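Here is a short report on one protein model.

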Amino acid sequence: SFEGLESKNASVRILGGKVNVNATNDGVNAATLLSVEGGALYVTTGGDGLDSGGNIHVKGGTTVICGSPSNAFAPMDVPDGCEILVDGGFLLAYGSLSAVQYPAQKSAQSFLGTSVSLKKDVPYALRDQNGNTLVTFTPGENALTLCFSSEALAAGEYTLFSGVTPEGTPTGGVYTSSTGGEEVATFTVS
């Protein structure tokens, strides 16, 4: 579809269930607030992944956004004066770099927002300094930015590995775990 889920005059709240969106333009578009509070939301888009005329608030559930590789779009998009808040749940978003917006620093849950080159169909894993895997995923598009947040993410150093061997059955390009791989980049979350 052109716009996956759209509310022209109101907010959009995802409270539960499993929602798969594949859109040529915006994945989920809200006129005011866009809130993910539970369930699972998987978005593949040719435009903005989550696009709100107000704030975007991730409070719970699972949100995976395969953003457009086009520089005109962002995995998450809010207007000036509004913000992206991540206060709970699991968030994985990747896409183009020029229009990227990351969560606000006042978000209650830690997040990693960074520029990094991701190749389509190559499996990646983010691991902590003890080697524990926080997320394993295979991008559906080439990307230059990554945003990740979960309750397992805390202050510390994390390493992104490419060419890993995924384990389990993927859902929205996300696997349960992985082994191996080659170090791509190291990040510090404070």
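## Strand pairing

How many bridges join strand S14 to strand S15? Four bridges join S14 (residues 124-128) to S15 (residues 133-137), and the two run antiparallel. Alanine 125 stands opposite threonine 136 in S15. Strands here are DSSP runs of E, at least two residues, numbered from the N terminus. Two strands pair if DSSP finds at least two bridges between them.

The open sheet has five strands, in the order S19-S15-S14-S17-S21, with antiparallel pairing. S19 (174-175) and S21 stand at the edges with a single partner strand each, so one side of each lacks a neighbour in the sheet.

## Basis of the model

The model is predicted: local features need pLDDT of at least 70, side-chain atom pairs count only at pLDDT 80 or more, and totals for chains, interfaces and linings use all residues. Residues are numbered from 1 along each chain as its sequence is written, and side-chain values use heavy atoms, without hydrogens and water.

## Largest pocket

The largest pocket has a volume of about 190 Å³. A pocket is an open set of points on a 1 Å grid over the protein atoms alone, with protein on both sides within 12 Å along at least five of seven lines; lining residues have an atom within 4 Å of a point. Volume is the space filled by probe spheres set on the points, which are joined across faces, edges and corners.

Its lining includes Phe111, Leu112 and Thr188. Strands S13 (112-118) and S21 (182-189) each give two or more residues to this lining.

How values were computed
1 Å grid on protein atoms, 1.4 Å probe; cavity = no way out; pocket = protein on both sides within 12 Å on 5 of 7 lines; lining within 4 Å.
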